[in-house]
Amino acid sequence: MDFLEMMQKRCSCRDYIPGKTVSREDLLKIVEAGRLSPSGCNAQPWKFIVVDSPEAKEKVCDAVVVGNGVTGAPWRDQVSAFIIFVEQPADVKPVVVEHYHDTQRFAQGDIGAACMNMIHEAFTLGLATCVIGMNDQAKMEKHFGIPSGHEVRLVLAIGYAANPPAVNKIRKPLEEVCSFNQW
Ligand SMILES: Cc1cc2nc3c(=O)[nH]c(=O)nc-3n(C[C@H](O)[C@H](O)[C@H](O)COP(=O)(O)O)c2cc1C
């Protein structure tokens, strides 16, 4: 399968086989795809917390509920493993700080790139994934010992799809999102 075919076939999964465990070997391959990802100034401003024990997974399930019981992942208790993406202080080049007055200018983009590479590695391993965007930072810090202020940016759910997710690529048309040589 070439890369674009993979892009067309990959889709977010919200229906997992409960109890079908993703191996540590596969989880480490997925993490490796993230670790090898590009980042601004090669700062690698991330820490990946892999969560696969039942006790720790319960904590993730609690931490992805925000406010008055709102969650982007009502299916979360079916998931075999999660990866929590924590933003780290970025050691970027002085010229970047001089220009943007911000060491973290590239960090969220870097984390997004790492997450996407992990998603594609999971896909090649026959695994299904879904990003969970919202989380309760205070719960994350409490449950996982994350130092205060180190923002959890994403959580990635990983498991075996219960049913092949229906591929339905709803995307803005090419002309709306792309132009050549000018705005
Ligand atoms: C930053 C981010 C946050 C997301 N949060 C959620 C979420 O909380 N719950 C969910 O079911 N899907 C979530 N998604 C998945 C998107 O809804 C999905 O990628 C999008 O609808 C496109 O569908 P596809 O991934 O199947 O191509 C998130 C995706 C991203 C990139």
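Begin the tour by selecting His120, which has its place in helix 5; helices here are DSSP runs of H or I with at least four residues, strands are runs of E with at least two, and both are numbered from the N terminus. The model on your screen is a predicted one, in which local features need pLDDT of at least 70 and side-chain atom pairs count only at pLDDT 80 or more, while totals for chains, interfaces and linings use all residues. Residues are numbered from 1 along each chain as its sequence is written.

Is His120 buried, exposed or partly exposed? A residue is called buried if 20 or more other C-beta atoms, placed from the backbone, lie within 10 Å of its own, exposed if 12 or fewer do, and partly exposed in between. His120 is partly exposed, because 17 other C-beta atoms lie within 10 Å. Arg10 is 110 residues away from His120 along the chain, yet their C-alpha atoms are separated by 7.9 Å.

**Helix 2 against helix 5**

Next, show helix 2 together with helix 5, and look at how the pair packs. Their angle is about 145 degrees and their axes are 7 Å apart, with axes taken as lines fitted to C-alpha atoms over the stretch in contact, and angles running from 0 to 180 degrees between N-to-C directions. On the helix 2 side, select Lys29, Ile30, Ala33 and Gly34, and on the helix 5 side Ala114, Cys115, Asn117, Met118, Glu121 and Ala122, which together make the contact.

**The nonpolar core**

From here, move to the largest nonpolar core, which has 38 residues; such a core is a set of buried Ala, Val, Leu, Ile, Met, Phe, Trp, Tyr and Cys residues joined through C-beta atoms within 7 Å. Select Phe82, Ile84, Phe85, Leu156 and Ile158, the members that touch the most others. Helix 5 gives the most to this core, with seven residues. If you then pick out Ile84 and leave aside its neighbours within four places in sequence, you will find it in contact with Ile49, Val51, Met140, Phe144, Val152 and Val155.

**Around the ligand**

Now select the ligand and the residues that surround it, among them Cys11, Ser12, Arg14, Cys130, Val131, Ile132 and Lys169, each with its C-beta atom, placed from the backbone, within 6 Å of the ligand.

Turn to Gly67, in the loop between strand 2 (65-66) and strand 3 (70-71). Gly67 counts as exposed because it has 8 C-beta neighbours inside 10 Å, and its C-alpha atom is separated by 19 Å from that of Val131, 64 residues apart along the chain.

Cys41, in the loop between helix 2 and strand 1, has a positive phi of about 60 degrees although it is not a glycine. Finally, select His101 in the loop between helix 4 (94-100) and helix 5, where phi is near 50 degrees, also a positive value in a residue other than glycine. His101 counts as exposed, because it has 8 C-beta neighbours inside 10 Å.

Terms used
Two residues are in contact if their C-beta atoms, placed from the backbone, lie within 7 Å.
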